[in-house]
Amino acid sequence: MTAPIPSPARLGDAKSAMDGGDPATAAMIALAVARSSDRPAEVAQALYFAALMELEVEDHGRRAYRLIRKALLIDPARASAYANLAQMVGASDAPLRQARIALCSNPRSEIAWSAFCIASAEAARIARGQHEFEAAITHSRRALLLRPDFSEALHGFVLDRRWLCLMDDPGCRFERITRLVAHIRNVPGHPLTLLAPHATPETQRRAAEKIVHSLPRASPRPPLSSDASVKPRIGYVCSFLKHHALAEALPEMLGCHDRSRFGVHVYAMPSAERDAVWNDAIADAAGELVDLSRLSPEKQAERIRNDGIDILVDLDGFLGNQPLALLLLGAAPILVNYFGFPGTCGGLHDYIVGDARLIPDSASGDYSERIVRLPHCYMPFDSTRRIPAALDRTDTGLPENALVFLGFHSQNKIAADAFAAWMRCLREVRGSVLWMLDHGEPCRSNIVAAARASGVAPERIVFAPKAPAREHVARLALADLYLDNTWFNAHTTGADALWRGVPVVTVAGETFASRVGASLLTAAGLPDLIASSAEEQAEIAIALARAPARLSALHRHLRRARQRAPLFDMRTYTAALERAYSEMIARAREDLPPADITISP
């Protein structure tokens, strides 16, 4: 209940109310002062004070904004008011413009300079979200000039550089500085991008745990059915069931589930287009496909509980800005982190699905979940897809008789050290070319400039336009050798390249995302193509390029592997996954906590 307003009202009374922990009353007193005073300076001061108090009251930001605007009409030289405006993101005027006005009004104001720095970082974040990376890096650079130890701005600057394919820092100095500053300031961030490519499994786990700790407390989960005669029900929940690599990889595995032993549901969550969407292959293989996009998170969790799901398998993880809210609402007795997000989710799930090459025993402590180690590769694959015949090289702009190195990687994942190794391959293998995805300008020009700076002629970089998923997979067969990325390996694209007969030379790091290539190659029977550094990757690739007979033998091996290798055997893969699910349920029925599970071949 609001305290009575003294009469006459004084700003001293408003300050007393503030000191007493009652900002709402303090704001009302200050407004009374503003209405009764006939001195413009006092009116402006009272309005400004009232605005600051309104900022302390939940959902009163708009009211505070209007009060500061009124104060500035009376006293336009008040730079601190402009600084507060600049930090009120979401108001009708751009924060950056307000911060500039504050500096013009009082260029000596430390508050105004601080607001300008914060507003610049916020403008970079907004531009980045709209994929306007040239604007974003301009704002990030300005924020860092104003405050070099601003960790969030430094992190944004590194992200912007990566999205723009700026390859002029092979030593990754910016990433190293970001890592140091973030460690000193204990800055939370996304577990994959905060410190990449120099993140360690430990720092990724800490980042993930910080995200989870910031979320609302999880609701109690429903008990697992004690009736062992009822077949377990597995639910897969995903937001990426169409126009995404996940949607291309899942169908065969879903179709291989033993329906006589397991009930299988697929829950479609809202996609980037707001509605749940899925492709025909998902619909055919799903069994029961449920659209949850029209329901609130509470109703989504209720629907899953009502379906009697025993194990809810989350394919999203942190792929979005936040994990799926329903995971905190008691949707199912057991939660599993599977395939979609390449890393730990900080304790949000009970288990994470991996394999011994991907997550060795020595790395178990770097994951908040308990580890499921499948006998071969953790990744599902759909070999039933109908792939069109590949075009000729000349139809795609590739030289017909050159050795073609393949490097189809997203622009925000290409590491400068990997790019330097690829350029070494081009320099040392006469007449070879590197085939890369065309991400448009300015990425194309930045890559060409980096190649030229490395002593490689621009025409030796061939850019491939975007293509529909199946055509994209078909054209992989035109290459001779795939050069993997370092900190974030090729995942589904790497598997597709192997399936299309193209050997992959990978670099195995310490993190989940940097060990996927090693997992794929081991399951494909090609462990000799796993390097421990970008330099070793270049050496392996150059040696293969200079040994046509050996390279041809690898191509023949992969053609046979399509029918024989564990990487592409989804019946055996799915049976192993089902054994893991059965062990999870068996432990839960005995009231045992989750534990590491290793499935033997």
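Student: How many of the six residues of strand S2 (residues 263-268) are buried?

Tutor: This is a predicted model, in which local features need pLDDT of at least 70, side-chain atom pairs count only at pLDDT 80 or more, and totals for chains, interfaces and linings use all residues. Residues are numbered from 1 along each chain as its sequence is written, and side-chain values use heavy atoms, with hydrogens and water left out. Gly263, His265 and Tyr267 point one way from S2, while Val264, Val266 and Ala268 point the other way, and all are buried (under 20% relative accessible area, with exposed over 50% and partly exposed in between, for a 1.4 Å probe and protein chains only). Strand S2 is therefore mostly covered, and its count of buried residues is six.

Student: Which residue of S3 is the bridge partner of Ala268?

Tutor: Strands here are DSSP runs of E with at least two residues, and helices are runs of H or I with at least four, numbered from the N terminus; two strands pair if DSSP finds at least two bridges between them. S2 runs parallel to strand S1 (residues 233-238), joined by six bridges, and Tyr236 has Val266 as its partner in S2. S2 also pairs in the parallel sense with strand S3 (residues 288-291), over four bridges, and there the partner of Ala268 is Asp291.

Student: Is helix H8 roughly parallel or roughly antiparallel to helix H9?

Tutor: The axes of H8 (residues 133-146) and H9 (residues 151-163) come within 9 Å and cross at roughly 150 degrees, where axes are lines fitted to C-alpha atoms over the stretch in contact and angles run from 0 to 180 degrees between N-to-C directions. Angles under 35 degrees count as roughly parallel, over 145 as roughly antiparallel, 65 to 115 as roughly perpendicular and the rest as oblique. The crossing angle therefore makes H8, relative to H9, roughly antiparallel.

Student: Is Phe339, which has a positive phi, buried or exposed?

Tutor: Most residues other than glycine have a negative phi. Phe339 has a positive phi of about 70 degrees although it is not a glycine, and it lies in the loop between strand S5 (334-337) and strand S6 (351-355). Because its relative accessibility is 7%, Phe339 counts as buried.

Student: And His131, whose phi is also positive: is it buried or exposed?

Tutor: Phi of His131 is near 60 degrees, and the residue lies in the loop between helix H7 (110-129) and H8. Because its relative accessibility is 52%, His131 counts as exposed.
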